[in-house]
Amino acid sequence: MDKICKKCGKITTEKVELCPICGSNVEVIGLTPGRMVGGFEIVCELGRGSNGIVYRARQVKLDREVALKILPVGDNPDKTYVEDFFKEARAAAKMNHPSIVMAYDAGVSDDGIYFFAMELINGKSLDYLVMRNGPPEFKDALRMALDMAEGLDYAWRTQKLTHGDIKPANIIIDPLGKAKIADLGLAKTANESYSGEIMATPMFAAPEVCSFDYDKIGFKSDMYSYACTLYYMFTGEAPFDENDTEKVLLCHINEQHVPLVERLPLFPQEISDFIDRMLAKNPDDRPADWSEVVEFFQKHRSQGAPASGSTQKLHGVKKKSLSGLWIGGILAILAIAVAVVAVVVLMDNGEDEVNPPAKIKKAQAPLPVKDEKVQAPPPTGTDKNVKKKSRPLN
């Protein structure tokens with residue numbers, strides 16, 4: 001990674017702590033334009049988070065622009081950190097669907113920079129669009145709902161892959177209004193089980209995730225998060241729009257959301273009822289599979305808008321970013337290095353994502369002590385050193 005001297009401004013690519021010119025301290029600035037990384041020429045930085053920096057870059061041999069994610073590791077990178085970075089790349093590489101961001105290449109450059117090249121989309125996140133403009137037109141929203149469902153159905157049907165972090169910030173809308181699913185950083189396959197800590201974005205997390213019910217976490221957890229995303233898309237608010245993280249988790253577990261038809265009286269009853277099914281507390285009460293969801297929105301995608309001409313916008317809807325809440329006010333360092341969105345969203349304001357998924361505490365009453373260590377509950381039984389056996393994803 002390139003470094004710059006705080007005193008004289010000298011930029012160096014050497015692995016040094018002090019400026020080779022004046023001996024002052026240097027700090028990492030990322031990669032400067034024109035720098036080559038594994039066959040990709042850096043154009044400019046587009047965003048950064050705690051687990052990666054994303055650049056607009058040009059793949060020289062094919063003369064095409066890409067989104068290039070760089071893993072910010074030091075001289076001695078953690079092995080697990082690197083392995084999980086490439087795990088995301090491999091998961092994305094298996095996907096070939098118009099509703100899922102494409103992966104192009106991944107590797108490590110001659111000078112030790114880990115990179116992951118992806119499709120560059122000149123679009124914006126659903127989160128950003130709703131925050132700026134309010135809910136989209138009804139017919140456009142139905143088309144986006146179908147796009148998302150088709151991508152999630154493809155991932156589960158062909159690879160038995162669950163996304164793990166479906167939310168408006170991970171849905172990218174291209175200039176033609178096509179919805180694409182981004183960020184496979186928390187994805188798991190059916191033969192991978194959950195145990196220990198769980199990463200999630202609270203406002204869009206399923207009840208079984210909030211309660212650490214490992215045996216029930218699976219593709220129907222994605223379905224619940226997808227329904228929360230649709231709810232936000234239609235109303236401008238999540239089903240449980242609270243600022244207190246612990247309260248949000250408890251609401252997902254215990255409280256009933258307000259049906260869309262009650263929030264928006266002209267909203268079609270049948271669509272409201274179907275979204276209610278996907279928001280069921282018990283995964284068994286949700287639709288049987290993604291194909292049922294796809295078929296439903298295929299049937300309704302050409303349905304006319306409510307009598308108002310478009311989805312009603314709530315009076316006083318708070319247009320705020322719902323990328324997720326910080327858990328307990330603590331910046332969560334992901335156990336894997338893949339939580340940065342796996343696609344570049346060219347935002348008008350140029351801001352980076354500020355609320356990535358984080359470790360969650362098991363929601364319970366009474367509320368846990370605020371400074372309690374963020375972790376899953378210990379295994380059941382008298383011997384807490386015995387690992388709890390986990391079942392594969394549903």
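# A walk through a predicted chain

Let's start with two strands: β7 (residues 64-70) and β9 run antiparallel and are joined by four bridges. Strands here are DSSP runs of E with at least two residues, helices are runs of H or I with at least four, and both are numbered from the N terminus. Two strands count as paired if DSSP finds at least two bridges between them. In general, strands of a sheet pair through backbone hydrogen bonds, either parallel or antiparallel. Within this pairing, Ala67 stands opposite Met118 of β9.

Before going on, a word about what you are looking at: this is a predicted model, in which local features need pLDDT of at least 70 and side-chain atom pairs count only at pLDDT 80 or more, while totals for chains, interfaces and linings use all residues. Residues are numbered from 1 along each chain as its sequence is written, and side-chain values use heavy atoms, leaving out hydrogens and water.

Back to β9, which has another partner. Strand β8 (residues 103-108) pairs with β9 in the antiparallel sense over five bridges, and Gly107 stands opposite Phe115 in β9. Together β8 and β9 make a hairpin with five residues between them, and Gly112 in that turn has a positive phi of about 85 degrees.

Is β9 mostly covered or mostly open? Strand β9 (residues 114-118) is mostly covered, with five of its five residues buried. Buried means under 20% relative accessible area, exposed means over 50%, and partly exposed lies in between, using a 1.4 Å probe and protein chains only. Tyr114, Phe116 and Met118 point one way from β9, Phe115 and Ala117 point the other way, and all are buried.

Val101 sits in the loop between α1 (79-93) and β8, and Val101 is buried at a relative accessible area of 5%.

β10 is joined by two bridges to β12 (residues 171-173), and the two run antiparallel; Ser125 has Ile172 of β12 as its bridge partner. Contact here means heavy atoms within 4.5 Å, while axes are lines fitted to C-alpha atoms (for helices, over the stretch in contact), with angles from 0 to 180 degrees between N-to-C directions.

Helix α2 (residues 126-133) has Leu126, Asp127, Tyr128, Leu129 and Val130 among its buried residues. What covers the buried residues of α2? The cover includes β10, α3, β12 and α5. Just after α2, Gly134 takes a positive phi of about 85 degrees.

Now for the rings. The whole structure has 14 aromatic pairs. Phe234 and Phe267 form an edge-to-face pair, 4.9 Å centre to centre with 75 degrees between the planes. Phe234 lies in helix α5 (residues 219-235) and Phe267 in the loop between α7 (260-263) and α8 (269-278), so the pair ties together parts that are 33 residues apart in sequence. Rings of Phe, Tyr and Trp (its six-membered ring) pair if their centres lie within 6.5 Å; planes under 30 degrees apart are stacked, over 60 edge-to-face, and the rest tilted. Phe234 is buried at 0% relative accessible area, and Phe267 is buried at 4%. Elsewhere, Tyr226, Phe274, Trp290, Phe296 and Phe297 form one aromatic cluster.

What about the cysteines? The structure holds zero disulfides, a disulfide being a pair of cysteine sulfur atoms within 2.5 Å. For Cys210, the closest cysteine sulfur is that of Cys228, and at 9.0 Å it is too far for a bond. Cys210 is buried, at 0% relative accessibility, whereas Cys44 is partly exposed at 29%.

Finally, step back to the whole chain. The chain has nine helices and 16 strands, and buried residues make up 55% of its 394 residues. Among contacts between residues at least 6 apart in sequence, 68% join residues at least 24 apart.
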